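Morning, everyone. I have one structure to show you today.

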Amino acid sequence: MGYKEVYGRWQADPEAFWMEAAQAIDWDKAPTKALTERGAGLYEWFADGKVNTCWNAVDRHVENGRGDQVAIIYDSPITGRKAEITYAQLKERVSRFAGGLAARGIEKGDRVIIYMPMVPEALIAMLAVTRIGAIHSVVFGGFAAHELAVRIDDSRPKAILAASAGIEPGRVVPYKPLLDNAIAQAKTPPEFCVILQRDEKPADMIEGRDVDWADLEAAEPAACLPVEGNHPAYILYTSGTTGKPKGIVRDNGGHAVALRYSMEKIYGAKPGEVYWAASDVGWVVGHSYIVYAPLITGCTTILFEGKPVRTPDAGTFWRIIEEYKVSVFFTAPTAFRAIKKEDPRAEFLKKYDVSSLKALFLAGERLDPPTYHWLKDNLGKLPVIDHWWQTESGWPIVANPFGMELKEVRPGSATLPVPGYDVQILNARGEQQEANEEGSVVVKLPLPPGCLPTLWQDPDRFQGSYMRAFPGYYLSGDGGYKDQDGYVFIMGRIDDVINVAGHRLSTGEMEEIIGAHPAVAECSVFGIHDELRGQVPVGLVVLKDGVDTDNEIIEKELVEMVRNAIGAVAYFRRAAVVKRLPKTRSGKILRHILRKLADGTRYDLPSTIDDPNILQEIKDVMAEQQIGDAFQN
Ligand code: COA
Ligand code: AMP
């Protein structure tokens, strides 16, 4: 069935459409009803069904004869390790680890934080938590102690599962001091921590609090606990416009149904095939397309611990595709920009046979036309597909529906709304824009299965962030337009969220951090265009009267503060002291004017933050445009 027909079938009867899709997963009790409306923009899917996500991702495949199929391929060029885990082995390890958690008192509904690098145990931990009906919250391993502490206080976990260290090119990142520091900062410490010791940097254990990973995996296995379809499977925190991240809730039933649906209908991946998403389990792409979707579908998933370049070279992606005969590959455009920078003529690609690939999917940020064309030029007929979605949705909102039918690719567009999503473009008055007119990208309610039902213990913020701007619609936070054929073009965030190398970050949070510097009177952080990372943050600060510290020292201290609080991944490297920030008469900072600087095409700024003249050039543009006041030198 082609896209148009499927979309039409969904429009004609959304509930029947999703009830049919729900048959593709195993239910302990089949739902009798698809959608339950709770009022005020709150909806739940398959609320009266009973299901277990881990059963669908693991046990079911063993029952159905896939026990000997490889479930997880671990390829870690950064440590030189490789391993394969079959579905039968995965079931054994997950059920034992789940038994270990249960024996230590983890019950249905308890929260468990997972703070781990890209190792198989991270997946085992996630699956074990869902197996016993508990709720995981994975925290990206590149986040520093403060970020972890904020998430501990919001989710109040009974346990934290962590590794002793992560590995980055040229350095080992000890996690344990970050974990201990976060627990010291948090108001609600966990009851216990489980530590996976890595040879690169084993950690000292805290007596009475820390337990060795191996002890839990030695426990008696636990069975899958069926939970209600609307019971939360996980919380994933994502950046909003303020310093406090938003706890995106994901349910069990709708999540499993939507991901299973997306694998075949969008990605065109079938059970038994090798599917690879080169991301990190700390982000939504990792949750959905490294862990749950491929495993629920019975695919082999690849867990890659390394970088697209430098581990060891720009050929790593191609090597993995050849070695494991990857069918469908998904990553962020920034990864290919990094490869292109090191290997502009794609010499490495010529060394490998990547003919197993059916399609390449990109998301996490806009697929810029130069990167698209570089990929097209080098990959021949292979479909190169941009698609758009968010942590909130958990799966694609706009995509080229490859699994149904490959539509014409229009560079710069994420193609067409996925069945389940009625995507519209509204102006500030809430009216629909004409074709090719930019506006706010919104989705008509209800959102389909798999999308966030609410924010963790904060329904008011859920309403305020997503539902109030345009009643009856979900506000995505992105701006964009539709062309005359309904192709959706996403142009970028219209709030204070920025996207740095595919990592979603809040400038508001960075402002809160640097605003705490004793010399800073006020500040603003905004994203500017960067050819490799898409965007990078830059800070402007006004100093308190009487402060005469050297500006370079202030800059160094601010950079260090952000690195210590959020992590190196924020890529906050430059800050300038200014006399005045651009403000309205009533004293509000004109953020939208600063945000315009982020647009790489609008002003002639250097193409990378690493350019030593970047601050001077920003200053010149600001002077020219009469934004704020000249820098202090
Ligand atoms: N743990 C600890 N530190 C981490 C980390 C992690 N998991 N991930 C990144 N960092 C650190 C890096 O070590 C680096 O530190 P440094 O400033 O001391 O060198 C800093 O954060 C910036 O890292 P990164 O953005 O990864 O820069 P890079 O130059 O190493 O690599 C890219 C650039 C584009 C190759 C890389 O960002 C990338 O692969 N991005 C894809 C992102 C992605 O998959 N996003 C998910 C959405 S699909
Ligand atoms: P995250 O929640 O981390 O997945 O980030 C979601 C945000 O990334 C979106 O709101 C967009 O701003 C951006 N994004 C993701 N995919 C795309 C895409 N294909 N095109 C443009 N922007 C994208």
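Start with where ligand 1 sits. Domain 1 (87-225) and domain 2 (500-631) both give residues to its shell, so ligand 1 lies between them. Keep in mind that this is a predicted model.

Now, who is around the ligand? There are 25 residues around ligand 1, and Glu168, Arg171, Lys307, Arg533 and Arg573 come nearest. Sort the shell by class and you get 12 nonpolar, six polar and seven charged residues. Two elements each supply at least two of the shell residues: β10 (171-174) and α12 (333-342).

Next, some individual contacts. Take arginine 171. An N or O atom in its side chain is 2.7 Å from an oxygen atom of ligand 1. Arginine 310 has a polar side-chain atom 2.8 Å from a ligand oxygen. For arginine 563, a side-chain N or O atom is also 2.8 Å from an oxygen atom of ligand 1. How much of the ligand does the protein cover? On its own, ligand 1 has 950 Å² of accessible area, and the protein covers 84% of that.

On to salt bridges. Side chains of opposite charge can pair when their charged atoms come close. How many salt bridges are there here? The count comes to 39.

Lysine 358 is partly exposed, at 26% relative accessibility.

Next up, arginine 319 and glutamate 323. This salt bridge is 3.0 Å, N to O. Both residues lie in helix α11 (residues 316-324), four residues apart, which is about one turn of the helix. Are they buried or exposed? Arginine 319 is buried, with a relative accessible area of 17%. Glutamate 323 is partly exposed, at 35%.

Arginine 345 is exposed, with a relative accessible area of 63%. Glutamate 347 is partly exposed, at 37%.

One more point, on networks. Salt bridges that share partners join Asp75, Lys82, Arg319 and Glu323 into one network.

That's my tour. Over to you for questions.

Notes
Residues are numbered from 1 along each chain as its sequence is written. Chains are lettered from A and ligands numbered from 1 in the order in which they are written. This is a predicted model: local features need pLDDT of at least 70, side-chain atom pairs count only at pLDDT 80 or more; totals for chains, interfaces and linings use all residues. Side-chain values use heavy atoms; hydrogens and water are left out. A salt bridge is a side-chain nitrogen of Lys or Arg within 4 Å of a carboxyl oxygen of Asp or Glu. Buried means under 20% relative accessible area, exposed over 50%, partly exposed in between (1.4 Å probe, protein chains only). A residue is near a molecule or strand if one of its heavy atoms lies within 4 Å of it. A polar contact is a pair of N or O atoms within 3.5 Å; within protein, one must be able to donate a hydrogen and the other to accept it, and residues adjacent in sequence count only if both atoms are side-chain atoms. Accessible areas come from the Shrake-Rupley method with a 1.4 Å probe; for residues, only the protein chains shown count as cover. Ala, Val, Leu, Ile, Met, Phe, Trp, Tyr, Cys and Pro count as nonpolar, Asp, Glu, Lys and Arg as charged, and the others, Gly among them, as polar. Domain bounds come from an automatic or database domain assignment.
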